[in-house]
Amino acid sequence: MDYAIEAKDHESIVRLRGRLTFNDHAKLRTLITEMQGSKGKRQILDLGNLEFVDSAGIGMLLIAHEEMGNADKQLVLRGAAGQVKRVLSVAQLGKIVTVED
Amino acid sequence: MATAAPLPFDALQGAGLPAGWVRILADGCHIRPAPPVPAPASGPDGRVLVLLGGEEDAADSTLWAPPYAAWVEATSPATPGRHPDDSASPAGVLPAVTAAVARAGHAHLFASLSTATANAVHLAGRVMAAVSARRSLTDAQRDDMELALHEAISNAVVHGNLQVAGMKGLNVDALDRFSHDLARRMADPAFAGRRVEVSCWLEPDALTVDVTDEGSGFEPAPKAGATPDASGRGLDLITLLAQSVELLDHGRRIRMRFTL
């Protein structure tokens, strides 16, 4: 998985690309630290170019959600398609994290 | 599960193995050796077994298309994923290779890779490419099967063979601990050299897939309580995606069945 961050005053948009699996633990850790340190209240993960996510990827998104809450920020998952949209739905992530089309 | 009678292979081919190894290993397995690429001529239902010399060879997508139907990594458990030296003898890997090839003969598709290689090449995607070449699947069917297979292989890799515990709790400390344990075990050939095996049986209207590991097994435990964890969703996802799921051999084998 790779990502690019576009930070604005009120929100950050993080565009994820590739596969998000248990192998991406170190990248997710760095990303969470970067989001914690950015100014915006809303941290939007744009999943439009993410090709594949697994249960560990879902778990890591939940960690990001929890850590943003602790930092008084909101995590938003946006634009999931195909396999990623299917997994978010099967794992019922929308019950815990804000999911936008 | 096994086919009623062993399914013979038309040929055995080496990919990335030292010169001279293929003939010796093919003789040991009683299969006709074929010269390396291109794929030997074989009918539409041909079965060629390929012995892989390492991670790079396992990452070659042309080797996952028909007539290739079985993939066995022929590396030493001490150096998983790495090419054997030209000076090395095939005698050291022969017993493990012949045993894996015998198991391969009882499935329609079969892969036996080291933990390191299975993880590096995204084994679930490779196996699904081989299945898709033989059965017509919708994108949704393929996505669901690949995810279920990926979850089963990830469990075999992380919890089975590497014996790394899941992420407890929902915080970056859990993530750090997981990162540390995973990296340490993946760097240790005693763990990363253990095998992950996938066997597939293709019926006209169903696909059965077994994934096995060489870990110490587990007993499925009821969910502990109210505290949510970042890990522990894999088996639940598989149960939602497959028509049926069985845990066998004390959790070292998972059998999933999908209706086509």
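**Close-ups of the A–B contact**

**View 1. α1(A) and α7(B) make a left-handed crossing.** Left-handed here has the near helix turned anticlockwise from the far one by less than a right angle. This is a predicted model, where local features need pLDDT of at least 70, side-chain atom pairs count only at pLDDT 80 or more, and totals for chains, interfaces and linings use all residues. Residues are numbered from 1 along each chain as its sequence is written, with chains lettered from A and ligands numbered from 1 in the order in which they are written.

**View 2. Helix α1 of chain A (residues 25–37) packs against helix α7 of chain B (residues 172–186).** Their axes (lines fitted to C-alpha atoms over the stretch in contact) sit 9 Å apart at an angle of about 150°, on a scale from 0 to 180 degrees between N-to-C directions. The pair is therefore roughly antiparallel, the label for angles over 145 degrees. Helices are DSSP runs of H or I, at least four residues, numbered from the N terminus.

**View 3. Here are the residues where α1(A) meets α7(B).** From α1(A) come A:His25, A:Ala26, A:Leu28, A:Arg29 and A:Ile32; α7(B) answers with B:Val172, B:Leu175, B:Asp176, B:Phe178, B:Ser179 and B:Leu182. Contact needs C-beta atoms, placed from the backbone, within 7 Å.

**View 4. Zooming out, the contact takes 22 residues from chain B and 22 residues from chain A.** On chain B's side, α6 (139–161), α7 and α9 (234–241) each give two or more residues, and α7(B) gives the most, with seven.

Terms used. Parallel < 35°, antiparallel > 145°, perpendicular 65-115°, else oblique. Contact = placed C-beta atoms within 7 Å.
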